[in-house]
Structures are given as structure tokens and as C-alpha cells.
Amino acid sequence: MHAPVPASQPAFKGITRPVLVSAVFFMLVTGLAYPLATTGVANLLFPDQAQGSLIIKDGRAVGSRLIGQYFTKPEYFHGRPSVTSGTDPNDPSKTVDQPYNAALSAASNQGAISKKLLDAVAERAKAYREENGLAADALVPVDAVTASASGLDPDISIANARLQAPRVAKARRLSTEDVLSLVDQHTTGRQLGFLGDPRVNVLELNLALDAASHGRRAAQ
């Protein structure tokens, strides 16, 4: 007679321990060791970028070089249009326009022939010409009337900055030449000499304008 065949073990009994060990191991490697290692290397090699490319003024952070801010006053350069939104403070179930809301980066996702987009561009172009004292048929830089993919673009084109310069100069009682000089000083060229286009960081330029205006008042 053959010996009785033992009852088969539960299907998962033999793999429970290796599964748990494997889960804990990869959790420690990918969830703890790897983030700590990459953060450490980034802070060692690129400390400014790793800390968010923050701009410090008078000992406190006033923004990031990588995230635009919403400027509307005539004495400041204005950034690209932003279509980001946020929660309506009066009704949490609804959303309202909140330009440059860094917590909700987004684009309109409207196609190039979208009537809604074309109407918005026409309206923005009209407003841009009026606020900058341009002729009704003057050409307008594309970055002045279209939002970026992120809605948080911190830069504007050189053409955009130069067209805004007379308005800013007038509002601050500075010469247009002095304002254009600041634009030139805060112009960043193409990456590696051939990638992208020359651009101006709006926040840095506006901070430089504040400093120039303060220095002018102090000298008077």
C-alpha cells in the first residue's frame, strides 16, 4: 500500500514571507533611499535649482524664477496670459479664474481654429494695444495674447518687453532708455546657444525696476 498523500498546503503559505520581504525592500529602496540620494546629489551639485530657484529679497523669498506671477499695475511688466483656475472662495463646488495659480497648472487645450480661442486672442490683442498705446492695427507678440501650456510661464519675449517699456517708463517717471537698459540686463539668451528664444524673466525685471525707482527717489 502506498503512503497517504499529505494534504496540499494553502496556496499562499509558501510565498507570504518573500512577498512581504520584497515589498519592504523595494519600499525602502524606491521610497526612501532613492529620493534621499537624488535630493542629496541635487542639493550638492545644483543647490539653487534643487531649492526651487527662489528669488530672495530682504531676507525673504518673493517668488521663483520658474513660476510666473500675476502683474496688472501699469508700472510693472505684465507676463503671458494665464488660464489657470482655482476654487471659488464663495462656493467650493465651483471654480473661478485664478491666473498663475501654481497649485493647478493647466492650459486651455483649445485648438488653433477654436472660435473661443480666436475670440480670446482678439480681445487680448485689443487690450494689449490699448494699455501700451499702440495703433489699432499694430502687430502684437504671440506670447502677449496666448497662454503657455503650463499657465505659469515666468518669461516674456524681447519684443513683448520692449513694447511694454514706454508704458512702464511713463508710470514710473523713468526714461524709456533706462527701462530698456534694464530689459537688456535681464535678457537670457538661447540655451546652449541654439535652443529656444531669448527671453526676459518678468519677476526679476520688475524687482529691478522697483530697485531703480527706489534709488531714484532716494537720490532726489
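Colleague: What makes the space of about 740 Å³ the largest pocket, by definition?

Modeller: About 740 Å³ of space lies in the largest pocket. On a 1 Å grid over the protein atoms alone, a pocket is an open set with protein on both sides within 12 Å along at least five of seven lines. The volume is the space filled by probe spheres set on the points, joined across faces, edges and corners. This is a predicted model: local features need pLDDT of at least 70, side-chain atom pairs pLDDT 80 or more, while totals for chains, interfaces and linings use all residues. Numbering starts from 1 along each chain as its sequence is written, and side-chain values use heavy atoms, without hydrogens and water.

Colleague: Which residues line the largest pocket nearest its centre?

Modeller: Tyr70, Arg80, Pro81, Ser82 and Arg124, out of 28 lining residues. Lining means an atom within 4 Å of a point. Helix H3 (115–131) and H4 each give two or more residues. H3 gives the largest share, 8 residues.

Colleague: How many cavities of 30 Å³ or more are there?

Modeller: The count is 1. In a cavity a 1.4 Å probe fits but cannot get out. The largest cavity holds about 50 Å³. Its lining includes Ser64, Ile67, Phe71, Tyr100 and Asp153.

Colleague: Why are H4 and H5 called oblique?

Modeller: Helix H4 (residues 158–172) and helix H5 (residues 176–185) pack at about 140°, axes 9 Å apart. Under 35 degrees is roughly parallel, over 145 roughly antiparallel, 65 to 115 roughly perpendicular, and the rest oblique. H4 and H5 are therefore oblique to each other.

Colleague: Which residues make the contact of H4 and H5?

Modeller: Contact means heavy atoms within 4.5 Å. Ala161, Arg162, Ala165, Pro166, Val168 and Ala169 of H4 meet Thr176, Val179, Leu180, Val183 and Asp184 of H5. They divide into 8 nonpolar, 1 polar and 2 charged.

Terms used. Axes are lines fitted to C-alpha atoms, for helices over the stretch in contact, and angles run from 0 to 180 degrees between N-to-C directions. Helices (H or I, at least four residues) and strands (E, at least two) are DSSP runs, numbered from the N terminus. Ala, Val, Leu, Ile, Met, Phe, Trp, Tyr, Cys and Pro count as nonpolar, Asp, Glu, Lys and Arg as charged, and the others, Gly among them, as polar.
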